[in-house]
Amino acid sequence: MERLQKVIANSGYCSRRKAEELILQGSVSVNGQTVLELGTKVNGSDTIEINGQMLNTNNDKVYYLLNKPRGVISSVSDEKGRKTVVDLIETDKRIYPIGRLDYDTTGLIILTNDGELANKLMHPSNKIPKTYLAKLAGIIDKDAIEKLKKGVVVEGRKVKIVDFKVKKKDLQKEATYISITIIEGRNHIVKNLFKELGYLVDKLTRTNYDFLEIGNLGSGDYRELSIKEVKKLYSK
Ligand code: URA
């Protein structure tokens, strides 16, 4: 038996806090009865409905690591009909991405139907390092390098930069390739960080998500995570 809000969150429907709100506002029923108590316990055989829609509490968990191509949206569906990361994966499970990458950003993104892991990894207290390879318009100068060493403030908050490395300065194309590892969940954070330093990010790829590496996963390709990898993510 588990608490109702936990079961709802684990299904991936929403966060536990949102589930609590839904219960309190009378949107949730168990076996046809509206439930208003947050402490209510349910088991796998109970039918949970949210606003009349049956909740999928299917325990068949799947985990995919995708190398997202450019021009694909990091969500389950798109009102403009654009291709989403979910469209790229062949599965009959209702998966969704953990976090997001911009439409024009490429690289690693995890997709799953495991709401518990998704909520855990997306929680702001979770300090997962992510590495990006950015192509900057222009040649990075000493001043910007010093600022990166000291830490850069974006929208009033300092970005936690774990590491960075200038990979290449292409003087002919006037571009800098820089790899940067940060602990951050804010949207557009890498672009905004370099914008703060006076550089536009022309191309951005997420090459590492914690211990997971892009390796030879081609653009648009994906693989399943091993049980060991999933356990490791759970231990974060
Ligand atoms: N930072 C960005 O600016 N964009 C992303 O897609 C990810 C991190």
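Which residues are around the ligand? Leu-101, Asp-102, Thr-105, Tyr-132, His-188, Ile-189, Val-190, Lys-191 and Leu-204 are, each with a heavy atom within 4 Å of the ligand. This is a predicted model, where local features need pLDDT of at least 70, side-chain atom pairs count only at pLDDT 80 or more, and totals for chains, interfaces and linings use all residues. Residues are numbered from 1 along each chain as its sequence is written, and side-chain values use heavy atoms, leaving out hydrogens and water.

**View 1. The shell around the ligand.** By class, this shell has 5 nonpolar, 2 polar and 2 charged residues. Here Asp, Glu, Lys and Arg count as charged, Ala, Val, Leu, Ile, Met, Phe, Trp, Tyr, Cys and Pro as nonpolar, and the others, Gly among them, as polar. Helix 5 (residues 189–196) gives the most to the shell, with 3 residues; helices are DSSP runs (H or I, at least four residues) numbered from the N terminus.

View 2. Look for pairs of N or O atoms within 3.5 Å. A polar side-chain atom of Thr-105 lies 3.0 Å from a ligand oxygen atom. A backbone N or O atom of His-188 is 3.2 Å from an oxygen atom of the ligand, while one of Val-190 is 3.1 Å from a ligand nitrogen atom.

**View 3. Domains at the ligand.** The shell draws at least three residues from each of domain 2 (63–125 + 215–234) and domain 3 (129–209). Domain 1 covers 2–54; these bounds come from an automatic or database domain assignment. Taken over C-alpha atoms, the centres of domain 1 and domain 3 are 42 Å apart.

Methods:
A polar contact is a pair of N or O atoms within 3.5 Å; within protein, one must be able to donate a hydrogen and the other to accept it, and residues adjacent in sequence count only if both atoms are side-chain atoms. Helices (H or I, at least four residues) and strands (E, at least two) are DSSP runs, numbered from the N terminus.
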